[in-house]
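Welcome! Here is a friendly briefing to read alongside the sequence and the 3D view. Take your time and find each residue as you go.

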Amino acid sequence: MCNLYSLRTGPADLRRAFAIAEDRTGNLPPLPAIFPDQLAPVVLNGTAGRDLAMMRWGMPGPKAFGEHPITNVRNVASPHWRPWLGVAHRCLVPVTAFSEYADTKPRKTPVWFALDEDRPLFAFAGIWRPWTGVRGTKRENPDRVAAEHRLFAFLTTEANGVVGPVHPKAMPVLLTQPEEWATWLEAPTAEALRLQRPLPDAAMREVARGARSDGAED
């Protein structure tokens, strides 16, 4: 599963690319390494158009399994995930590269994938929900105080021929075109879920290995 991604694109370019009506992210810095339970920008439907807002990565899983945070969602037929697949709870997760771990010894190696070496912007097909409870890193919330959160995860699908040699089980659903972004945010659920498919091999590539971040200087 994908538990590490990066976003090099600055806020002005994000607003322009996604036609943002209201930016709620504040002073957004480059994000060379985004890990589970961290805050990250997402694009969602707002009252006046598209909003750009910060949400925390990882939605509660099924109660039967302890509600542990889930970052990647594959089984969209599950009753647990179906309530969050409607237009009101779909989002786009802006990305410039994502990582899967190669099963190397003595430790696994981060392998980074992007559309090309220049790290153009794309999006994961995300879902989100409000939730009240204890979340956040120990630095952010050392006393483990419960609060209201907005949480997101993103869909995965079968791995293509680029990601598969590193992580054969799955890869994120990558949306690279404005038409796909609009479909994911606005279309009826059945139509939107047709986007849950691997990106063609020719549309992406491996761009780095070894580092746990993908900053411009790496």
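Which residues does Phe124 touch, not counting residues up to four places away in sequence? They are Cys2, Tyr5, Cys91, Leu92, Val93, Val95, Phe98, Phe154, Pro172, Val173 and Leu174. Keep in mind that this is a predicted model. With that in place, let's go through it topic by topic.

**The nonpolar cores**

- The largest nonpolar core has 59 residues, and Phe124 is one of those that touch the most other members, along with Tyr5, Phe98, Phe152 and Met204.
- Strand β12, which covers residues 122-133, supplies the largest share of this core, with seven residues.
- Another core lies apart from it and has five residues, including Leu4, Ala97, Trp112 and Ala114.
- As background, nonpolar side chains in soluble globular proteins tend to be buried together.

**Strand β5 and its partners**

- Is strand β5 (residues 50-57) largely enclosed or left open? Seven of its eight residues are buried, so the rest of the structure largely encloses this strand.
- Strand β4 (residues 39-45) pairs with β5 in the antiparallel sense, over seven bridges.
- Within that pairing, Val43 stands opposite Leu52 of β5.
- β4 and β5 make a hairpin with four residues between them, and Gly49 in the turn has a positive phi of about 140°.
- Strand β2 (residues 20-23) runs parallel to β5 and is joined to it by three bridges.
- Here Ile20 has Arg50 in β5 as its bridge partner.
- β5 also pairs in the parallel sense with strand β13 (residues 147-157), over two bridges.
- In this pairing, Trp57 has Phe152 in β13 as its bridge partner, and Phe152 is also among the residues that touch the most other members of the largest nonpolar core.

**Thr71, a residue in a loop**

- Thr71 is found in the loop between β7 (69-70) and β8 (72-73).
- Is Thr71 buried or exposed? Its relative accessible area is 7%, and because buried means under 20%, Thr71 is buried.
- Leaving out residues up to four places away in sequence, Thr71 touches Met1, Cys2, Asn3, Pro36, Trp57, Gly58, Ala153 and Phe154.

**Salt bridges**

- How many salt bridges does the structure hold? There are eleven.
- Asp214 and Arg119 meet in one of them, at 2.8 Å from N to O.
- Asp214 sits in the segment after β16 and Arg119 in the loop between β11 and β12, so this pair ties together parts that are 95 residues apart in sequence.
- Both partners are buried: Asp214 has a relative accessible area of 1%, while Arg119 has 8% relative accessibility.
- Arg197 and Glu180 also form a salt bridge, at 2.7 Å from N to O.
- Arg197 belongs to the loop between α3 (189-192) and β16, and Glu180 to helix α2 (residues 178-186), so the pair links parts that are 17 residues apart in sequence.
- Arg197 is partly exposed at 24% relative accessible area, whereas Glu180 is buried at 15%.
- Through shared partners, salt bridges join Arg8, Glu117, Arg119 and Asp214 into one network.
- Glu22 and Arg24 form a further salt bridge, with their closest N and O atoms 3.3 Å apart.
- In that pair, Glu22 is partly exposed at 35% relative accessibility, and Arg24 is partly exposed too, with a relative accessible area of 46%.

Note on methods:
Residues numbered from 1 in each chain as written. Predicted model: local features only at pLDDT ≥ 70, side-chain atom pairs only at ≥ 80, totals over all residues. Heavy atoms only, no water. Core = buried A, V, L, I, M, F, W, Y, C linked by side-chain atoms within 4.5 Å. Buried < 20%, exposed > 50% of the residue type's maximum accessible area, 1.4 Å probe, protein only. Contact = heavy atoms within 4.5 Å. Salt bridge = Lys/Arg side-chain N within 4 Å of Asp/Glu carboxyl O. Pairing = 2+ DSSP bridges.
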